[in-house]
Amino acid sequence: MTRSLLGVFEEDAAAISSYSQQLFQAMHRIYDAQNELSAATHLTSKLLKEYEKQRFPLCSDDEVMSSTLQQFAKVIDELSSCHAVLSTQLADAMMFPITQFKERDLKEILTLKEVFQIASNDHDIAINRYSRLSKKRENEKVKGEVMEDVYTSKKKQHQTMMHYFTALNTLQYKKKISLLEPLLGYMQAQISFFKLGSENLTQQWEDFLSDIGTSVQNVRREMDGEVDVMQQTIQDLEQASDLLYMPDPDPTQVPVNRNLTRKAGYLNTRNKTGLVSSSWDRQYFFTQGGNLMSQARGDVAGGLVMDIDNCSVMAVDCEDRRFCFQITSFDGKKVAILQAESRKDCEEWIATINNISKRIYLSENPEEIAARVNQSALEAVTPSPSFQQRHESMRPSTHGRPRAARTSSVSSGGSETASPAISVLSLDTLVASDTPIQFDIISPVSEDYAGQAKSAGQGRTNPFGESGDMPAEENEDSILHQLFIVRFLGSMEVKNTDSSDVIYETMRQILAARAIHNIFRMTESHLLVTCECLKLIDPQTQVTRLRFPLSSVVVCATHQENKRLLGFILQTAEGQGDGRPVTVCYIFESNNDGEKICDSVGLAKQIAFHSEMDRKATEKKKEQDKVKEKQQEELSKQKQIEKDLEEQSRLIAASSRPNPPAAGADGQFLVLSHSQSEDSDAGVEGREKRESEA
């Protein structure tokens, strides 16, 4: 019964120990939170005091805000002191009692339990030894030791048991004290804290807080009003900018501004990573005076790309990208290929760089001057008609002179009106007045009258005045057979063919007209150079678009700065109405160096010249051989006549002589006459003499 009752007390002690541990953790959490609150409140007060030392980029010195925060710092500092006092009271009145109960009373119970268990085990061992004492062989010494051991263990067990039972009984009172004392201390500390707070937070602080609350409400109302205005502004901007959200807006709805002298925005720039490979990087580009700058994401400032004063800019066709344009520096040593986000952006970049290259930005009113310059250019260059109108203009007469077929896409005739920032040099001595510019190649497949011309057995007439039919005697196995990739920029009629200055001026006018009208399309072709002709071949269909006889190519040259630009002057055999021949300059852009193409054309002309000389020499030799052969034939005929005459003379001589007597039967020989003997003696010489006399 004692051990059963002891088990109940031990179970109760274990439950009290577990519950006390949980209560201790909860109260320790309150104590830690209070310490953290006190430290946080003190840190908040410290930061509020340091506000006046801060320097905010978007806020000037605000004395009202600084003084208000100083008042708050003072209040919060007093609250921090109150929280520090509360933390000290919680440590003394709440944590100390429960910690003492946990560390002293509960540990004492556990220690006594272990000691009591050991004493009980020792007593059981001693009783067992005493019970095994032998009845027959009694040993007084062993018996005395065993009895002494039993006495000691039993006494020790009894003493331990009395102390253990006393501690268990006392625990029933201590558990009440250990639960009530911490709670009492916690509540007294809180009451003291609130009393201290009520004494410190006087009516003055309440008025101050009321005023601050009113100020906060006023600021909130101002903020709400500003937010409403901003939301309305955002809504208006979204409605007005709805068309600009498209990556490529319609130019009819979003007009292009060609009068800009400054522009900025994101562009993709092409960087060569190998011989044929390249990569595109997106960077922020902007113009700064006469310089083009770029700035990568994350950079502090922009870097110089190139000087765009007196540069040339034009739209280009890239194989893998759209809306690309190329900028070439004034010395031609630096070329940049950039891609815009839309056609409108591309045209504005080209117009802006073109205005900057003319140094319009140095004037007082750059946009006004740019507008006048562009207006003058628009008056000097007419818009491009459609292909259908061009075909309609060619339809009435297919047998007319070839010039009628070279209908102009953009007319560059007339001299441009000089603006305050630009002076245009008159070059009428080089370029024909009112001459048209052809910007594209009308493929023979797209011509409406091509089938009619073929059915009529006549050659096709292209817009450049060259016959499309291949001559039957053209030698396809030419010695020179080189192929180049070129893009057709334009052609126009010229006057002078003495020097390459005509080609340079034609390049300038064609590139200027393309830049003004933003003509991006360029027809790509394969230029085949042979010893007989130059051919422009369609890369897809392999159809010969144009054919230029090599003999009609007068001059071929590249641009002085941009070697990718080349041109040649063609003098056609057909003349105008007054009998003068038509001289046209064709401008191309090559993928590689244009000088190679010019060298190939020069080599072809040399080979053609030597071939012509060889051909003439061969023909002359053939004529000489024919004369010799004719002479030999006449000589052989003369010899044959002489031979026939000699034969005739012999026959005549033989028929005029008397018949000689025949040999007798007696076998005697015939006697030769005197003349016959002389003939025989004279021999061959005599016969020849007689033949000549005959």
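Analyst: A residue is called buried when its relative accessible area is under 20%, exposed when it is over 50%, and partly exposed in between, using a 1.4 Å probe and protein chains only. The structure is a predicted model, in which local features need pLDDT of at least 70 and side-chain atom pairs count only at pLDDT 80 or more, while totals for chains, interfaces and linings use all residues. Residues are numbered from 1 along each chain as its sequence is written, and side-chain values use heavy atoms, with hydrogens and water left out.

User: Why does V142 count as partly exposed?

Analyst: V142 has a relative accessibility of 35%. That value lies between the limits of 20% and 50%, so V142 is partly exposed. The residue is found in helix α3; helices are DSSP runs of H or I with at least four residues, strands are runs of E with at least two, and both are numbered from the N terminus. Between the C-alpha atoms of V142 and Y130 there are 9.7 Å in space, and the two residues are 12 apart in sequence.

User: What makes H83 count as buried or exposed?

Analyst: The relative accessibility of H83 is 12%, and the limit for a buried residue is under 20%; H83 therefore counts as buried. H83 belongs to helix α2. Leaving aside residues up to four places away in sequence, H83 touches Q34, L37, S38, T41 and F193, where contact means heavy atoms within 4.5 Å.

User: How is α1 oriented relative to α2, roughly parallel or roughly antiparallel?

Analyst: The axes of α1 (residues 2-49) and α2 (residues 63-131) cross at roughly 160 degrees and come within 7 Å. That makes α1 roughly antiparallel to α2, as angles over 145 degrees are roughly antiparallel, those under 35 roughly parallel, those from 65 to 115 roughly perpendicular and the rest oblique. The axes are lines fitted to C-alpha atoms, for helices over the stretch in contact, and the angles run from 0 to 180 degrees between N-to-C directions. The contact of α1 with α2 has 26 nonpolar, 17 polar and six charged residues. Here Ala, Val, Leu, Ile, Met, Phe, Trp, Tyr, Cys and Pro are nonpolar, Asp, Glu, Lys and Arg are charged, and the others, Gly among them, are polar.

User: What is the relation of α1 and α3 to each other?

Analyst: α1 and α3 pack at an angle of about 30 degrees, and their axes are 11 Å apart. The limit for roughly parallel is under 35 degrees, and α1 and α3 are therefore roughly parallel to each other. Their crossing is left-handed, a term for a near helix turned anticlockwise from the far one by less than a right angle, whereas clockwise is right-handed. Residues that make the contact include L6, F9, A13 and I16 of α1 and Y164, F165, L168 and L179 of α3. By class, this contact has 16 nonpolar, four polar and four charged residues.

User: How do the 48 residues of α1 compare with the span they should have?

Analyst: The expected span is 1.5 Å times one less than the number of residues. For α1 this gives 70 Å, and its end C-alpha atoms are 70 Å apart, which agrees. Among the buried residues of α1 are L6, A13, F24, M27 and L48; the buried residues of α1 pack against α2 and α3 (140-200).

User: Why is α5 described as largely enclosed by the rest of the structure?

Analyst: Of the 15 residues of α5, 14 are buried, so the helix is largely enclosed. Helix α5 (residues 343-357) reaches 21 Å from its first C-alpha to its last, close to the 21 Å expected. Just after α5, R359 takes a positive phi of about 65 degrees, although R359 is not a glycine. This residue lies in the loop between α5 and α6 (366-380). At 38% relative accessibility, R359 counts as partly exposed.
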